[in-house]
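Work through the exercises below with the sequence and the model side by side. Try each task before reading its solution.

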Amino acid sequence: MSNRFISVRELILGFLLWLAVAFLVAESRWNRLYEKPVLATDEAVDLYLAEPVNADGLEKALEKQGLLSRREEFRWALKTLHWSNFREGHYRFSPQTSYEELFTRLGRGLQDPIRLTILPGQTRNRIVRSVSEAFRFDSTALKKTLTDSSFLAEARVDTQNVIGQLYPATYDFYWTASPRSVINRLLKTFEENIISQYEQRFKELDKSVNEIITMASIIEWEATLESEKDTISGLYWNRLEKGMKLQADPTINYAVGERRRLLYEDYKIDHPYNTYVHAGLPPGPITNPSKGSIEAALFPESHDYLYMVASPEGNHNFSETYSEHQRKSAEWRRWLEKQYRIKREQERESSTN
């Protein structure tokens, strides 16, 4: 009886020991798969997969960023959790990310959005460059979308005017978004914030959306101070109403392709956007204007100004008559000459020291 009692006790102890070992092993496996941080990083990291990858492709992508320190454990975790294929996209992982979270999010394509900020006052080329750099698609694909007349017609805009309706704001997108979905979102935001909100004002002015946005784009480029936009808008509309040429320097900058101090010969350039040569508004917007510039174009200040010139304070001096404008322009030229003289003297002094 005693031998039988001992063998049963030993059997029970052995079973309990096996359970304990099994529990410890299971706990260790659980910890390694579901709790243990697996990425070699002390801060959040962004992982971009341009296309779907298999296990080997994911391993190479993580190694390329220096995020994989335990290759054999990584492969074991893949087999244990039965993951073999992973979706393209942008993923942001914290330093505490486990194998289970890593594989599940990549395997199911649970992306993190990217943040895109569209700044106001940007030319078409600058917008194409900044937007395409933020997404998986390239600049060629985006340019093609912006010149696709059939696609743009669905959004009630044409290739000439689309730049002015790329509404400046901060957006959240998925990195894998298509060029069409991005442009659609920007145009829809423009419609919600401008066309729908100011529909009655467009009717009161008897101006088209393109006319207002083209004017706003010039104001955007011209005004250095928000407080001057309404005044500049009134001045430009005054010129057009009197049959004068718009003579807006920003349109010359657009024609020559850069934002710089203009030279005498620049004003003679043969270009449809040269408002010193061609009457009326230019064929389309030169930038994507801010809401403030659009509101200035819609609600211009009422005054009799027809001329303006820059001032040393960084704003503009406005005039109603050409003679007054000539006097203020002469003051501006004298100030500029003084600044150039001071600069030359400083350069001479630095070269002799």
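On a 1 Å grid over the protein atoms alone, a pocket is an open set of points where a 1.4 Å probe fits, with protein on both sides within 12 Å along at least five of seven lines; lining residues have an atom within 4 Å of a point. Grid points are joined across faces, edges and corners, and a volume is the space filled by probe spheres set on the points. The model is predicted: local features need pLDDT of at least 70 and side-chain atom pairs count only at pLDDT 80 or more, while totals for chains, interfaces and linings use all residues. Residues are numbered from 1 along each chain as its sequence is written, and side-chain values use heavy atoms, with hydrogens and water left out.

**Exercise 1. Describe the second largest pocket.**

Step 1. Its volume is about 260 Å³.

Step 2. The lining has 13 residues, and Thr 123, Arg 126, Trp 221, Gly 257 and Glu 258 lie nearest the centre.

Step 3. Helices and strands are DSSP runs numbered from the N terminus (helices: H or I, at least four residues; strands: E, at least two). Helix H5 (124–134) gives the most to this lining, with four residues.

Step 4. Sort the lining by class: Ala, Val, Leu, Ile, Met, Phe, Trp, Tyr, Cys and Pro count as nonpolar, Asp, Glu, Lys and Arg as charged, and the others, Gly among them, as polar. The second largest pocket has two nonpolar, six polar and five charged lining residues.

**Exercise 2. Describe the largest pocket in the same way.**

Step 1. About 1200 Å³ of space lies in the largest pocket.

Step 2. It is lined by 31 residues; Asp 249, Tyr 267, Val 309, Ala 310 and Trp 332 are nearest its centre.

Step 3. Helix H14 supplies seven residues, the most of any contributor to the lining of the largest pocket.

Step 4. By class, this lining has 15 nonpolar, nine polar and seven charged residues.

**Exercise 3. Which residues touch the most other members of the largest nonpolar core?**

Step 1. A nonpolar core is a set of buried Ala, Val, Leu, Ile, Met, Phe, Trp, Tyr and Cys residues joined through side-chain atoms within 4.5 Å. Buried means under 20% relative accessible area, exposed over 50%, and partly exposed in between (1.4 Å probe, protein chains only).

Step 2. The largest core has 51 residues, and Val 131, Phe 135, Leu 166, Phe 173, Val 182, Tyr 236 and Ile 294 touch the most other members. Helix H10 (residues 209–222) gives the most to this core, with seven residues.

Step 3. Take Val 131 and leave aside neighbours within four places in sequence: Val 131 is in contact (heavy atoms within 4.5 Å) with Leu 116, Ile 118, Phe 137, Leu 142 and Val 182.

**Exercise 4. Is strand E4 largely enclosed or open, and what pairs with it?**

Step 1. Four of the five residues of E4 (residues 89–93) are buried, so this strand is largely enclosed by the rest of the structure.

Step 2. Two strands pair if DSSP finds at least two bridges between them. Strand E1 (residues 45–49) pairs with E4 in the antiparallel sense over five bridges.
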